[in-house]
Every structure is written in C-alpha cells, then in structure tokens.
Amino acid sequence: MVKGSAMASSQIQGDRYDGAAEWYDERNAAPADANRDTLKDLLGPGGGLCLDLGCGTGQNLPALRGRGRRVIGLDFSVDQLGLARQRTVGGEALVQADAAVLPFADAVFDSVVAVWLSTDVDDFAAVLGEASRVLRPGGVLVHLGAHPCFCGPHTEGRADGGRIIHPTYRGAGWHPPAPWWREGGIRHRIGMRHLPLAELFNAFIGARLTITRVVEPSEEPIPWTLALRAEKR
Ligand SMILES: C[S@@+](CC[C@H](N)C(=O)[O-])C[C@H]1O[C@@H](n2cnc3c(N)ncnc32)[C@H](O)[C@@H]1O
C-alpha cells in the first residue's frame with residue numbers, strides 16, 4: 001500500500017520529462033560538462049556495479065564507465081531513457097523504475113550517483129533510503145545538485161553574479177516556476193522541489209550515509225551547485 005502510493009506520486013514527477021527529452025538533453029549539455037570533473041573526482045576510480053539514479057538522457061554514463069565501473073542507469077521517464085539508450089555500450093542496462101522503490105536486492109551496488117535528482121523527486125529522503133539499501137556496506141554515494149542556499153525558488157540571479165535571497169527559503173516542497181526563473185530554462189518548464197539545507201543533510205543522516213566530502217564546485221563567486229560524497233555505514 002505504501003509502495004503503491006509512492007509510485008503514484010513519483011509517476012507524476014518522472015512524467016514531467018516525457019515529451020521534453022530532446023529539449024532537456026540539449027539544454028543540459030553545457031551544465032553537465034561543467035559538473036563532470038566534480039562528479040568524477042568525488043566518485044574516484046574503482047570497479048564494480050554503479051547505479052546512475054535518475055540517469056536522464058545518460059549524459060553522465062561515459063564519465064561513470066570511464067572511472068572503471070559497470071553502470072546501470074535508472075530513470076522513470078521512458079523518453080529520457082530512449083535517449084540514454086543511445087549512450088550505452090555493450091552489456092550496460094537501463095531500467096525504468098521509481099527511484100523511491102528500487103527493483104534491486106539489498107547491497108548489490110558498489111556505488112550510486114544521483115545527479116540533479118534531489119530537486120525532481122517528491123521524497124529525496126525515501127530515495128536515499130533506497131539507495132542506501134542497495135549499496136553494499138562501505139559503498140559510495142555521490143550526490144550533485146542544487147545548492148539549497150543559493151539555487152531554488154527563493155533565489156534570484158543578478159546580472160553582476162550576485163544573488164537575491166527571497167524570504168521563501170523555508171518553503172520546502174514542489175514549486176512551479178518562480179517569477180525570476182529564466183524563461184525557456186529547465187526549471188521554468190519543469191519546476192523543482194526545494195530542500196532547505198537541513199532537510200538535505202538530514203536525508204543523508206537518516207539513510208545511514210556518512211558524508212565524507214562536500215564540494216561547492218561552481219566557478220562563480222556564489223555557487224549554484226552542491227556536491228558531496230557519502231559512504232554507507
Ligand atoms: C534534472 S534530470 C537529471 C538527469 C541526469 N541525472 C543528468 O544529470 O542529466 C532529473 C531526472 O530524474 C528523473 N526522475 C524524476 N523523478 C524520478 C523518480 N521518482 N524515479 C526515477 N527517476 C526520476 C527524471 O525523469 C529526469 O530524467
């Protein structure tokens with residue numbers, strides 16, 4: 001019963017990208033390039049099975065396999081997976097499923113990455129709980145996504161690189177486009193779920209994932225992105 005309702009709510013989230021995959025893939029190319037070194041650096045070299053959770057159109061698959069791992073991509077959107085398929089190489093699998101209800105046995109993955117997923121799912125704590133369940137003890141999870149303080153429905157970018165923080169920071173939850181989001185941008189079309197900083201960190205703590213490194217990778221004076229490496233206890 002609980003699993004069924006989780007699936008129903010996430011279905012709405014995943015479906016947001018159906019019909020938008022090619023558009024997303026084009027707009028995400030430059031940001032994905034900019035974040036790739038951070039992702040590779042936090043993950044580090046290693047072997048074994050890696051789960052790309054919310055893999056989207058698969059733009060990170062080459063970087064993940066380039067670090068020596070066998071990759072499985074998982075996403076809810078059929079259209080996103082259609083493009084991801086073109087980026088797979090022999091033996092790599094793609095799975096259509098809800099990140100909050102993973103169709104894998106316990107402790108089968110050596111690593112999990114979740115890139116720009118936290119702001120697309122209803123319940124990131126539930127997603128991390130599942131990621132932790134499928135990770136082997138000592139396994140690594142890399143998260144990269146919106147910096148909760150400086151990127152969200154409460155933040156307005158200024159031309160000089162400054163950021164105005166509106167008093168809606170504590171408004172956790174799903175947000176339709178904020179008035180200051182750039183028209184034609186990904187968040188303007190899709191919306192986003194905002195997780196204040198404490199909610200983000202508590203999701204890791206609750207999932208028994210120990211944060212071992214935190215990075216604010218943007219070259220900009222005020223970062224848009226927060227990335228971290230965590231390990232399964
Ligand atoms: C912003 S995109 C990021 C895609 C990819 N990680 C990247 O960096 O390009 C978020 C992705 O999460 C997927 N998604 C949203 N909710 C999901 C869920 N409950 N389960 C699995 N995937 C989900 C969407 O379909 C979308 O492809």
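A residue is buried if 20 or more other C-beta atoms lie within 10 Å of its own, exposed if 12 or fewer, and partly exposed in between, with C-beta atoms placed from the backbone. The model is predicted: local features need pLDDT of at least 70, side-chain atom pairs count only at pLDDT 80 or more, and totals for chains, interfaces and linings use all residues. Numbering starts from 1 along each chain as its sequence is written.

**View A. Burial along helix α5.** Helix α5 spans residues 124–134 and is mostly covered, with 8 of its 11 residues buried. The buried set is F124, A126, V127, L128, E130, A131, S132 and V134. Helices are DSSP runs (H or I, at least four residues) and strands likewise (E, at least two), numbered from the N terminus.

**View B. Helices α2 and α4.** Helix α2 (residues 21–43) packs on helix α4 (residues 78–85) at about 60 degrees, axes 9 Å apart. That angle makes α2 oblique to α4. Oblique covers what is left after roughly parallel (under 35 degrees), roughly antiparallel (over 145) and roughly perpendicular (65 to 115). Axes are lines fitted to C-alpha atoms, for helices over the stretch in contact; angles run from 0 to 180 degrees between N-to-C directions. In this contact, A21, E22 and D25 of α2 meet D79, Q80, G82 and L83 of α4. Contact means C-beta atoms, placed from the backbone, within 7 Å.

**View C. Positive phi at A107.** A107 sits in the loop between β3 (93–96) and β4 (109–115). Its phi is near 55 degrees, positive in a residue other than glycine. A107 is partly exposed, with 14 other C-beta atoms within 10 Å.

Methods
Contact = placed C-beta atoms within 7 Å.
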